[in-house]
Amino acid sequence: MATTKQRAAAKRNVKKAQAGAKSKQTLKNLPGRTQTALGKEAAAVRRGDEPTRRELEAQARRLDISGRSKMGKAELKRAVARAKG
């Protein structure tokens, strides 16, 4: 059985590892096709052709779609479209 001190040390180590992994998740490490797709999506949002995730979540809230906080942008877009008709 682990002591309280050991549990606290393990928890710290996990948090450090998670923070390190999160800091390495940069755009340059993604495949080129993914970078291109993200760039096109961002450009469409800036032009106003596509809604932002925040806007989609607000629509989902108005339409009372459950599980919206756990959905990604694409899932939200599909759920909102389904709920609208």
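Which residues of α3 are buried? Before I answer, please keep in mind that this is a predicted model, in which local features need pLDDT of at least 70 and side-chain atom pairs count only at pLDDT 80 or more, while totals for chains, interfaces and linings use all residues. Residues are numbered from 1 along each chain as its sequence is written, and side-chain values use heavy atoms, with hydrogens and water left out.

The buried residues of α3 are Leu56, Glu57 and Ala60, where buried means under 20% relative accessible area and exposed means over 50%, with partly exposed in between, for a 1.4 Å probe and protein chains only. Helices here are DSSP runs of H or I with at least four residues, numbered from the N terminus. Seen down the axis of α3, these buried residues fall within an arc of 100 degrees, so they line one face of the helix; the arc is that of the directions from the helix axis to the C-beta atoms. On the other side of α3, Arg54 and Arg62 are exposed.

What covers the buried residues of α3 includes α4, with contact meaning heavy atoms within 4.5 Å. In α4 the buried residues are Lys73, Leu76, Ala79 and Val80, and they cover an arc of only 125 degrees, which puts them on the same side of α4.

How values were computed
Helix = DSSP H or I, 4+ residues; strand = E, 2+ residues; numbered from the N terminus.
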